[in-house]
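Please look over the sequence and the structure below, and then follow the explanation one residue and one element at a time.

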Amino acid sequence: MENVEERVLDIRVRYDDAISNIAKYRTQLDVLRKREQTLKEDLKAGRFEREEYNVKLTETQIAAREVNEVIRVLNKQVQ
């Protein structure tokens with residue numbers, strides 16, 4: 001039988017910091033959602049062309065995905 005050493009890495013997360021950061025990211029997510037609505041309204045009002053709208057919308061959606069990913073990771077750490 002071999003001697004097996006098991007080492008457990010204990011990662012401690014400061015719950016208050018994690019929760020505070022989650023709240024900040026959720027606020028950023030709300031801002032991004034509002035930006036999407038504004039872009040849609042601007043397109044309907046004719047303030048810019050469809051191509052420019054698509055570019056700006058894509059940028060906003062990518063940023064929202066990144067924020068969602070950070071929130072997901074923080075939620076896992078808290079659990």
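Leu29 has a relative accessibility of 5% and therefore counts as buried, a term that means under 20% relative accessible area with a 1.4 Å probe and protein chains only, exposed being over 50% and partly exposed in between. This is a predicted model, in which local features need pLDDT of at least 70 and side-chain atom pairs count only at pLDDT 80 or more, while totals for chains, interfaces and linings use all residues. Residues are numbered from 1 along each chain as its sequence is written, and side-chain values use heavy atoms, with hydrogens and water left out.

Leu29 lies in helix H1, helices here being DSSP runs of H or I with at least four residues, numbered from the N terminus. Leaving aside residues up to four places away in sequence, Leu29 touches Ala64, Val67, Asn68 and Ile71, where contact means heavy atoms within 4.5 Å. From C-alpha to C-alpha, Leu29 and Ile71 are 9.8 Å apart in space, although 42 residues separate them in sequence.

Ile71 is one of the buried residues of H2, which also include Tyr53, Leu57, Thr60, Ala64, Val67 and Leu74, and the buried residues of H2 pack against helix H1 (15–45).

Terms used:
Helices (H or I, at least four residues) and strands (E, at least two) are DSSP runs, numbered from the N terminus.
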